[in-house]
Amino acid sequence: MINRAIELVRRSVRPLVFTGAGMSRESGMRTFRGDDGLWKEYRPEQLSSIAGLRSDPGVVWDWYKMRLMTGEGVEPHAGYHALTCLQNEKGELPVITQNVDGLHKLAGQTDVLEIHGSMRTASCLEKCGFSTGLTPELLHGAPTPPVCPSCGAVLRPDIVLFGEPLPPKIISRSYELAEDCDLIIVVGTSVQVWPAAGIPFAALENGAIVIEINPAQTELPQSESVISLRRKAGEILPLLAGLKGKV
Ligand code: APR
């Protein structure tokens, strides 16, 4: 199966990548679902929703500070570097990610669509125009919740919170890419949170081959067009990129 996947990647003309939290698991970031998923311990509607941010900004910022501190110094693993090599070799390999940790860009990838935003920057909750990088210095020193120096409102991490729409331009380009690709590599996602979760299905419906990298079963169908590699991202991506043992 893996050799068929390697050959299909090699021959693909309009490949696409779609990733979720499992893509960063081997870099030390936790996933949301599954055995040690964050949502087993915390309530997303309280911590990752616009309603929660407005009603209790201190609690939400404590959560994001904890996540940012966890992400501090986190490096992309071999699977990320393999994707960067593949992107350089193919010349064009758009990467759609649900992750907000910024690791695809940190690994040197371009054309990265952060469909759920990024926790590397923050902006004014009341949209006065202020925005800033979310650096450890800012976080360590800032009061909780950090406030906008321009208008005094609460700041917000630039991620898509539950209850908010996804960035329209990014979601429509993501679906255009899914409808045009001939192969999509789906890595580390439970394929449960729509509309992002619809991307692999849109690719399938348009005749693309799906290569899924995930140790666990997901919502993706078993079919001739779906190759499910029940392995970890850091193990398989260097093989798919033809970098066996070289990354
Ligand atoms: N390699 C590949 N896949 C892995 C690895 C690994 N090393 N470790 C875990 N996984 C898989 C798990 O089996 C699981 O199916 O990664 C998947 C992670 O699923 P989720 O935790 O649901 O993450 P994701 O699919 O990205 O969630 C989508 O939900 O809460 C929201 O906004 C949040 O963007 C997130 C969205």
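Reader: Is Trp-63 buried or exposed?
Author: This is a predicted model. Trp-63 has a relative accessibility of 3%. Buried means under 20%, so Trp-63 counts as buried.

Reader: Which class does the aromatic pair of Tyr-42 and Trp-63 belong to?
Author: The two ring centres of Tyr-42 and Trp-63 are 4.8 Å apart, with 50° between the planes. Stacked needs planes under 30 degrees apart, and edge-to-face needs over 60. The pair of Tyr-42 and Trp-63 is therefore tilted.

Reader: Where in the chain do Tyr-42 and Trp-63 lie, and how many residues apart are they?
Author: Tyr-42 sits in the loop between strand S1 (15-19) and helix H2 (44-47). Trp-63 belongs to helix H4 (residues 57-71). The pair links distant parts of the chain, and its members are 21 residues apart.

Reader: Why is the pair of Phe-32 and Trp-39 tilted?
Author: The ring centres of Phe-32 and Trp-39 are 5.1 Å apart. Tilted covers the angles left between stacked, under 30 degrees, and edge-to-face, over 60. The pair is tilted because its planes are at 35°.

Reader: How many aromatic pairs does a search of the whole structure find?
Author: Ring pairs join Phe-32, Trp-39, Tyr-42, Trp-63, Tyr-64 and Phe-162 into a cluster. For the whole structure, the number of aromatic pairs found is six.

Reader: What is the relative accessible area of Ser-24?
Author: Ser-24 is found in the loop between S1 and H2. Beyond its neighbours within four places in sequence, its contacts include Met-29, Tyr-80 and Asp-101. Ser-24 is buried, and its relative accessible area is 1%.

Conventions: Residues numbered from 1 in each chain as written. Predicted model: local features only at pLDDT ≥ 70, side-chain atom pairs only at ≥ 80, totals over all residues. Heavy atoms only, no water. Phe/Tyr/Trp six-rings, centres within 6.5 Å; stacked < 30°, edge-to-face > 60°. Helix = DSSP H or I, 4+ residues; strand = E, 2+ residues; numbered from the N terminus. Buried < 20%, exposed > 50% of the residue type's maximum accessible area, 1.4 Å probe, protein only. Contact = heavy atoms within 4.5 Å.
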